[in-house]
Amino acid sequence: MRVSGLAAAGFIALLLTAAHLVAAPSASLWYFATVALHPLLGLVLVGALVREAWRRPWSGNLPAAAGVGLLAAGLALGLAVAAVGATRDHAWLLQVHVAVSTAGAILWGVHLWRAVEWTPGWTRAVRIGLVAAAAAGLSAPLLRGARDAEWRETHRIENPVRPPATMDEEGAGASSPFAPSSATTNTGDTIPADFFLTSETCGRCHADIYEQWNGSAHHFSSFNNQWYRRSIEYMQEVVGTRPSKWCAGCHDHAVFFNGRFDTPIVEQIDTPEAQAGLGCTSCHSIVHVGSTMGQGDFTIEYPPLHDLAASEHPLLRSAHDLLLRLAPRPHRDTFMKPFHTEHSAEFCSSCHKVHLDLPVNDYRWVRGFNEYDNWQASGVSGQGARSFYYPETPQTCSSCHMPLVRSDDPAARDGYVRSHRFPGANTALPFVNRDQAQLEAVQDFLRAGQVSIDVFGITRVADAAAPAGAVLPGGDPALSSTFAVGEESLQFGAGRRLPGGPAPAEVVAPLDLSPVAVRRGESVRLEVVVRTRNVGHFFPGGTVDAFDVWVELEAVDDRGRVLLHSGEAADGGSGPVDPGAHFYRSLQLDEHSNPINKRNAWATRSVAYVRLIPPGAADTVHYRLEIPEDAGDRITLRARVNYRKFAWWFTQWAYAGVRDPADPAPSVTAAHDDGRWVFTGDTSGVSGQVKAIPDIPTTVMAEATATLSVVDADAPLPAAPIVPPGDARQRGRWNDYGIGLLLQGDLRGAEAAFRRVMAIDPDYPDGPVNAARARLQEGDVDAAIPLLEQALALEPDLARAHFFLGTALRALGRYEEALEHLAVAREQYPRDRVVLGQIGRLQFLDRQFEAAIDTYEAVLRIDPEDVAAHYNLMLAQQGAGNREEAARERALYERFKADEAAQAITGGFRRASPEDNNERQAIHEHRHPAGRPAAHDPGDAPPAGTR
């Protein structure tokens, strides 16, 4: 039968539009015009074919009839797709539509090729069109595959081998309107502020995700957050607006990217832009992340067709939403780059890792905080070869902070989306916003086994026992940092110590296995162990100078008398914490030894101490308990890990801090603030719904209890608890205790604990590995090697045993053997920078300079700011005769290394603050606060400063 020209042309056009839709989805008017045209062509074609079949039945032409039927079915399926959308929930419907329509197109195309009976010119044109359509159809999947591969490659996050030599070279450079932040736009120019005010627009389709985000800390990252607001107002007052852009690149997109951050924020605090926080487009419109150096090292774009999506005209909005439902892929590609999922931790590092330098602090390069590197180097990431513990499967940032939650959102996969509440540790914001759902989500997260606490045992050691040996200088240079440095450094832990020191005290533990007794009138040390379990980075994380995280321990006898209470918060728990408590924080100082307590990080010049717990590790806390002569017969010990965001003083200052009128002209510069503050300011205009200084709740993250029996001074003590062989739980408790001792430098005590682990479970290879680590830290290589060989006999491929055996053999000059063991660790963990660094060092010592250069450059692809890699690369370049490269590496090494002389600043502060000086010591004890009786009866008047 003859086929009309309209049907032939429509069929070919339909095939070409289908090929375009498959091959090159893009957020362009041309593509969406094709999306709209395609179903219209389908309607026209099927209508024309059915009309012709009705007028001239196709008797005997079964392929043609089947083709028309399949095309009609394909049209029906296409209309169904148009009705319900091509979102993930209905992807199967789209696939069936494509399969049925393709089968119909093949049958009808064959028929059309044969049925063309027009003029030779028309016949040739139709057949050329069919060939073109067939070629387009066949090549479309290939083109799509190539496009997707290029797309994925384009949106990888790769580090430069050589980082910028100065902060002025970071991001788009010092001339960028956004400097000193590294954040920029794809045009290098500003973006209209309303672009970042359109999260509600996203909520038209993503209602569930929008509701989650609405209560999140990301939403309240800007001047709708009183703590942040007060710090930036203070910063701009002291050092000006330009340095504050360093913060704005990650906190204040609506005010920052539109160029208004040159105006002091107090002059625009009530604008919608200042109250926007980070919206959907803040993360999802990022098109490039330059590195894992943080600092907002990303590029953001104003995406195509955004104005159509955000239009206030209902017809344009409806047209946009319809086309998006019909073809969601361009929208997904615009707002969901591969690095959002495939490199999620590296993506998060762009804002959750920061440093300061001259344009911000007028001082030098200093690491601020860093969630990324300690995760990357740990067992949690699956990239660290030397960790104490490993999860069953590697975890990323989104594994914990964007857990899967049930949802019917269009973005859901199998009924789940990643939570955009971003549960973490910020209880303050939902509290002052009166957002109970978000507060519960955060507190549930904090209580979900992130850390554990164990009242483990007692030791009978002299009061204020001395450390187990003098600390030796580290082999690698130290990074200039106000944050902790973890397994990304060979100096992880307390550093090398001289052999010697007192023998380890006998530890009576665990306390809950059998009765443990103390004598009236004696003094014992309590051993409490805090362990990170589901934390992928240091605990706590984030801006660790700004909140209260501490251990509270209370000892109460059966008469109700408090014998010891360390870590009590005043005013019934709502006031300042006992200054002698065991804190987890970074205590930073300005150049006049004043604490950095206003988030004035630009003034940091030294650090009194940093105490954080690495991921998959532990901290051992020591308490001194004095047993009164008239103590009861039983003492109950209660321990808690408390978390309060933010610190008490910081909250008072952020809401009501004003200069003390009695100190009218304090000395204040960019490097110090000697002024005094009082908390009497007006709170009526603060951000949030609570218009007063809030009483931020303290969340108990973990708690534990234990008991001691009390006997007379001359009474015999019961036998020490006996751990049954093979008891994995008790093995783990002894191992955690030993890890805590190892990291604080009590090497003799740590080895003794690990020997107990070996006795409990001789088949557990970590026992001898950890005992060997203690020996290596003490410099006893000969004693460490047999232990490591014992571990490898139990588990021949254990990477950490191979690593430490390699380092031991290197110390003995047995380089070839050392390299063999390090190569085993490298094969399993190719991104462990310390393993690579040790290999590079061996290559350097063997005068293989080019090989060493390659190895250290591999380290810098993991972290371009690795100070040890720059130092050793400098040496390798010198050895290879590359003077210019060596000079560059020297400059980078000097940029990133610690300023050792800055520790002199801490002297006056430590003399004035004995509690903080005690906390600074790697091995120290906590006791009942000075000025309060060591034991008081609950019937007595409470001592000053207690509840």
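Are Phe257 and Phe298 buried or exposed? Phe257 is buried, and Phe298 is buried as well, where buried stands for under 20% relative accessible area, exposed for over 50%, and partly exposed for what lies in between (1.4 Å probe, protein chains only). The model is a predicted one, in which local features need pLDDT of at least 70 and side-chain atom pairs count only at pLDDT 80 or more, while totals for chains, interfaces and linings use all residues. Residues are numbered from 1 along each chain as its sequence is written, and side-chain values use heavy atoms, with hydrogens and water left out.

A pair of aromatic rings is described by the distance of the centres and the angle of the planes. Here the rings of Phe, Tyr and Trp (its six-membered ring) pair if their centres lie within 6.5 Å; planes under 30 degrees apart count as stacked, over 60 as edge-to-face and the rest as tilted. Helices (H or I, at least four residues) and strands (E, at least two) are DSSP runs, numbered from the N terminus.

Trp649 and Phe679 form an edge-to-face pair, at 5.5 Å centre to centre and 80° between the planes. Since Trp649 lies in helix H22 (residues 648–656) and Phe679 in strand S22 (residues 677–679), the pair ties together parts that are 30 residues apart in sequence. Trp649 counts as partly exposed because its relative accessibility is 26%, and Phe679 is likewise partly exposed, at 26%. Ring pairs also link Trp227, Tyr234, Trp602, Phe646, Phe650, Trp653, Tyr655 and Trp677 into a cluster.

Charged side chains also meet rings. A charge sits over a ring if NZ of Lys or CZ of Arg is within 6 Å of the ring centre and within 35 degrees of the ring normal. Arg531 lies over the face of Tyr389, 3.8 Å from the ring centre, and the charged end of Arg585 sits over the ring of Phe583, at 4.1 Å from its centre.

In soluble globular proteins, nonpolar side chains tend to be buried together. A nonpolar core is taken as a set of buried Ala, Val, Leu, Ile, Met, Phe, Trp, Tyr and Cys residues joined through side-chain atoms within 4.5 Å. The largest such core has 102 residues, and those with the most contacts inside it are Trp227, Phe539, Leu625, Ile635 and Leu708. Strand S23 (residues 699–711) gives the most to this core, with six residues. A second, separate core of 53 residues includes Leu741, Leu747, Leu822 and Val835. With contact meaning heavy atoms within 4.5 Å, and leaving aside neighbours within four places in sequence, Phe539 is in contact with residues including Val451, Tyr584, Leu612 and Met701.

The cysteines come next. A disulfide is a pair of cysteine sulfur atoms within 2.5 Å, and the count by this rule comes to one. This disulfide joins Cys250 to Cys351, with an S to S distance of 2.1 Å. The torsion about the S-S bond is about -90°, so the disulfide is left-handed. Cys250 is in helix H9 (residues 241–251) and Cys351 in the loop between helix H16 (344–349) and strand S4 (353–356), 101 residues apart. Cys250 counts as buried at 14% relative accessibility, whereas Cys351, at 21%, counts as partly exposed. The sulfur of Cys280 is 3.9 Å from the closest cysteine sulfur, in Cys202, which is too far for a bond.

Finally, the backbone shows some local features. The peptide bond from Ala179 to Pro180 is cis, with omega near 10°, and Pro180 is found in the loop between helix H5 (120–154) and strand S1 (184–185). A cis peptide bond also joins Ala509 and Pro510, with omega about -10°. Arg847, although not a glycine, has a positive phi of about 65°; Arg847 lies in the loop between helix H29 (833–845) and helix H30 (849–862) and is exposed, with a relative accessible area of 62%.
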